[in-house]
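Q: Hi! Could you walk me through this model?
A: Happy to. Let's have it up on the screen.
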Amino acid sequence: MRGFKKGFEASGHSVSFVDVRELNNAQNYDYILSYDYGYMVSENAFLNVQKILSINPKVKLIHYFADNPSLNYAHSGQFDLKEKFFEFCKLHKNNLELVFWDKKFVQDFKGVKSSYFPICVDCSVYRDFELEEKYDITFLGRPLSDERQKILSAIVKNFPDKLKIFSYPKHFENSIEGMKRFLNDEEIKKYKKCFCGFVESQEELSKIYNSSKINLNINLQGDNSLNYRTFEVLASKGFLLCDKREDIKSLGLENVVVQYENEQDLIEKITHYLAYKDERNQIRARARKLVSQHFDIVARAGEILNTVE
């Protein structure tokens with residue numbers, strides 16, 4: 001959201017970056033931009049937005065969804081939130097503009113204007129820190145779901161002591177029971193040693209990406225599109241190994257993202273790229289250049305207004 005703010009300001013717009021619960025005098029605003037369900041998560045915020053609509057009935061409410069709108073963990077675990085949002089959309093469909101990172105979701109909210117806008121990243125935040133490679137294989141995110149646990153367990157089996165996982169402590173603790181389906185007792189001990197804690201800031205995230213030989217990304221949301229981590233790694237001049245996704249080609253990223261087809265292919269590619277530093281570095285350099293040219297949110301923020309208009 002801060003990247004959008006900088007981008008809107010760079011294109012000549014006046015922007016306020018505030019908690020919607022504290023937003024007053026909204027009659028002068030043309031747009032209110034929210035991330036995912038935004039103000040719907042808080043009852044006080046939701047009531048204030050309804051008040052704003054009564055004061056300024058022409059204001060446009062843009063919801064930029066960069067997560068799966070149907071996954072409960074993506075919006076504070078509130079199981080009724082999507083249905084509540086549907087009802088709100090029916091009442092205020094002329095005020096709402098929905099923007100999705102994956103084309104799959106554009107059809108989910110029928111009757112409400114919806115558009116596709118691929119994820120971008122703030123390249124002034126995620127950048128090349130010119131750090132030495134400190135980690136062999138890193139995974140940042142929730143080590144949950146069968147898909148992710150199968151992949152992570154294969155790495156634990158084949159590359160003992162090389163995997164580092166950064167996530168919320170609670171998410172890692174919750175993953176241990178599930179990993180027991182794929183790992184024996186000795187391997188579970190090795191898995192537990194992979195945990196490196198939670199990363200507090202975007203700068204620290206970028207430094208980890210920048211200092212890893214291989215950054216692993218296992219997309220869960222959407223059908224074909226790419227999550228934020230993809231662009232964060234590339235902007236940080238990190239080497240990215242990612243599950244196969246259609247949008248890697250359609251967005252022109254096939255020469256800067258290495259894709260794996262299955263667990264065996266993953267193991268072979270990790271073995272190869274750990275051994276060939278020069279090849280990794282060539283791909284990393286191309287990645288940073290391409291993302292900064294075509295996926296910098298500050299440069300592209302204005303496009304989201306063109307999309308909804």
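Q: How many bridges join β2 to β3?
A: Five bridges join β2 to β3, and the two strands run parallel. One of the pairs is Leu61 with its bridge partner Leu96 in β3. Strands here are DSSP E runs of at least two residues and helices are H or I runs of at least four, numbered from the N terminus; two strands pair if DSSP finds at least two bridges between them.

Q: Before we go on, what sort of model is this?
A: This is a predicted model, where local features need pLDDT of at least 70, side-chain atom pairs count only at pLDDT 80 or more, and totals for chains, interfaces and linings use all residues. Residues are numbered from 1 along each chain as its sequence is written, and side-chain values use heavy atoms, with hydrogens and water left out.

Q: Thanks. In what order do the strands of the sheet come?
A: The order is β1-β2-β3-β4, in an open sheet with parallel pairing. β1 (31-35) and β4 (114-116) are at the edges with a single partner strand each, so one side of each has no neighbour in the sheet.

Q: And what does β1 pair with?
A: β1 pairs with β2 over five bridges, in the parallel sense. Ile32, for instance, has Leu61 in β2 as its bridge partner.

Q: What about β4, how many bridges join β3 to it?
A: Three bridges join β3 (residues 96-100) to β4. Across that pairing, Val99 stands opposite Ser115.

Q: Is β2 mostly covered or uncovered?
A: Mostly covered: five of the six residues of β2 (residues 60-65) are buried, meaning under 20% relative accessible area with a 1.4 Å probe, protein chains only.

Q: Changing topic: how much space lies in the largest pocket?
A: About 1,500 Å³. A pocket here is an open set of points on a 1 Å grid over the protein atoms alone, where a 1.4 Å probe fits, with protein on both sides within 12 Å along at least five of seven lines; lining residues have an atom within 4 Å of a point.

Q: Which residues are closest to its centre?
A: Of the 47 lining residues, Met1, Phe17, Leu33, Ser34 and Tyr35 are the closest to the centre of the largest pocket. The largest share of that lining, six residues, comes from α1.

Q: And the second largest pocket, how much space is in that?
A: About 820 Å³. Gly141, Arg142, Leu205, Arg229 and Glu232 are the closest to its centre, out of 24 lining residues. α7 (202-210) and α8 each supply at least two residues of that lining.

Methods: Buried < 20%, exposed > 50% of the residue type's maximum accessible area, 1.4 Å probe, protein only. Points joined across faces, edges and corners; volume = space filled by probe spheres on them.
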